Amino acid sequence: MRLLRILADGRFHSGEALGAELGISRSAVAKRLQQLEESQGIKLFAVRGKGYCLDGGLSLLDPQRLQAQLPGVRLLVEDTLASTNSTAMQCCRNPDPPCAVLTECQTAGRGRRGRQWVSPYAQNLYVSRILRVDQPTTQLEAPSLVVGLAVIHALRQQGIADCALKWPNDILVGGRKIGGILLELTGDPADSCHVVIGIGINVNMQQAVIDQAWTSMREQLGKVVDRTVLAVDLLRCLDQLLLRHREAGFAPLRAEWEAAHAWQGREVCLSGGREPVYGRVLGVSADGALRLQVAGEEQVFTGGELSLRLHDDS
Ligand code: BTN
C-alpha cells in the first residue's frame with residue numbers, strides 16, 4: 001500500500017519517481033498500479049510525460065489528529081487488518097485493551113449474516129469500539145439500535161440530512177446503503193465480557209461490486225470527505241449516546257429511533273427466521289425488538305440474523 005500512500009496527495013507522480021521510491025522498475029510500478037485499480041476500486045489517471053495521479057487523492061487517517069481530538073479514548077490505528085472487529089475481539093483478551101480500533105483497509109471485513117464487507121484502502125471508515133460490560137448480557141438489540149442512532153447523528157453533522165435507519169441497524173440514504181453495524185460479544189456473557197461495536201461507513205468509495213444498492217458520503221455531498229474528522233465525530237456521537245443509554249435505557253431514545261426508521265408504517269417481509277413473516281412495521285419495543293402488525297395482531301421479533309425488505313410499494 002506504499003504506492004497508494006505516495007499517491008494520496010492527488011498530484012502527479014512519474015513512474016520513474018515511484019519506482020525509485022519503492023526500488024522497482026517503471027514497468028513493475030505500472031503493473032502494481034493496475035492491480036491496485038482492480039483490487040481497490042480506485043480511479044487512476046495516467047498522462048504521458050506527467051505520470052500517475054489518483055482522482056481526488058485519498059483521505060488517510062491521521063493518528064495524531066485523531067488522538068488529540070479524542071484524548072480519553074485509547075486508539076489503535078493500523079494500515080491493514082483482516083477485520084477491525086477480529087482485532088478488537090483479540091485485544092479483549094488483554095488486561096488493558098484499546099477503546100477503539102481503526103484501519104485504512106480490511107482484507108476480510110465482515111458484515112451481518114456472514115456477508116463480506118467491502119473495505120478498500122483509505123476510502124471508507126472501518127472502526128470497532130470496545131465496550132466492557134459488567135452486567136450479564138446476551139441482549140444486544142437495544143445497544144445496536146443506539147449505535148445506529150449515533151451513526152445517523154455523525155452523518156447529519158457532516159451534512160447528510162436525509163439519512164435513515166432500517167431495523168436492526170442498516171444506515172440508508174434514499175433507500176441505498178451507506179453504512180452497517182456489526183455487534184459481537186466476547187467473553188462470558190454470564191460474567192464480565194466485552195461488546196465489540198463494528199461500524200462501516202461508505203465514505204469516498206466511487207466504485208465497487210456490492211450485491212445491494214449502495215451509496216457513499218462523497219456521492220451524496222459531491223466532495224471528498226475527511227475521514228479523520230468523520231471518525232472523531234462518530235466516536236464522540238457514539239460515546240454520547242451509549243452514555244445516555246447506560247443512564248436511562250433505550251426507552252427515551254425510542255421515539256427518535258422510530259422517527260429515523262425508513263420503513264416505519266410500511267408493509268415488509270421479515271426473513272432469516274424459520275419462515276418469512278409479512279406485516280406492517282409498528283415500530284420498536286423498549287428493548288429494541290421489531291414490532292410488526294401481523295394478520296391484525298402485534299408481534300415482536302428479535303435476533304441478529306433477521307433482515308427486513310419491503311413487501312411491495314406500500
Ligand atoms: C452489515 O451491515 O452487514 C454490517 C457491516 C459492518 C462492517 C464493519 S467495518 C468495521 C467492522 N469490522 C468488520 O469486519 N465489520 C465491521
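Let's start with a working rule: a contact means heavy atoms within 4.5 Å. Select the protein chain and look at its contacts with a separation of 6 or more: 64% of them are between residues 24 or more positions apart.

A word on what you're looking at: this is a predicted model, where local features need pLDDT of at least 70, side-chain atom pairs count only at pLDDT 80 or more, and totals for chains, interfaces and linings use all residues. Residues are numbered from 1 along each chain as its sequence is written, and side-chain values use heavy atoms, with hydrogens and water left out.

Now switch to cartoon. You'll find nine helices and 14 strands in the protein chain; these are DSSP runs numbered from the N terminus (helices H or I, at least four residues; strands E, at least two).

Zoom out for the overall dimensions. Along the principal axes, the C-alpha atoms fill a box of roughly 70 × 50 × 35 Å. Next, colour by burial, where buried is under 20% relative accessible area, exposed is over 50% and partly exposed is in between (1.4 Å probe, protein chains only). Of the 314 residues, 51% count as buried.

Next selection: residues 141-157, helix H6. Its 17 residues reach 25 Å from first C-alpha to last, close to the 24 Å expected at 1.5 Å a residue (that is, 1.5 Å times one less than the number of residues). Of those 17 residues, 14 are buried, so H6 is largely enclosed by the rest of the structure.
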